[in-house]
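Hi,

Here is the structure I said I would pass on. Have a look at it first, and my notes follow below.

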Amino acid sequence: MIFKKKKITLEYTVEKCSKCGVEEKRKYSEGDVLFSQCSKCTSCDGMMMIEKIFGESLEQ
């Protein structure tokens, strides 16, 4: 019997502060839209913008 490896894709969102340039990577959540403002920066109180949404594939 041959077993196939399962592929799992994990989605991530990268947020970048428009004021100080700090980047944060977090798990993708429903409703994330590219180039939309989503939260306040924790280091300078500027606005964070979603810069990138991507997936990483893992095999099990």
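Predicted model: local features only at pLDDT ≥ 70, side-chain atom pairs only at ≥ 80, totals over all residues.

How many bridges join strand E1 to strand E2? There are 5 between E1 (residues 7-17) and E2 (residues 23-27), and the two strands run antiparallel.

Residues are numbered from 1 along each chain as its sequence is written, and side-chain values use heavy atoms, with hydrogens and water left out.

Back to the E1 and E2 hairpin. Lys16 has Glu23 of E2 as its bridge partner, while Glu15 stands opposite Glu24 in E2. The hairpin has 5 residues between its strands, and Gly21 takes a positive phi near 85 degrees.

Now the whole sheet: 4 strands make an open one, ordered E2-E1-E4-E3, with antiparallel pairing. E2 and E3 (37-40) stand at the edges with a single partner strand each, so one side of each has no neighbour in the sheet.

Last, a side-chain contact. The charged end of Lys25 sits over the ring of Tyr12, 4.3 Å from its centre. That label needs NZ of Lys or CZ of Arg within 6 Å of the ring centre and within 35 degrees of the ring normal.

Cheers

Note on methods. Pairing = 2+ DSSP bridges.
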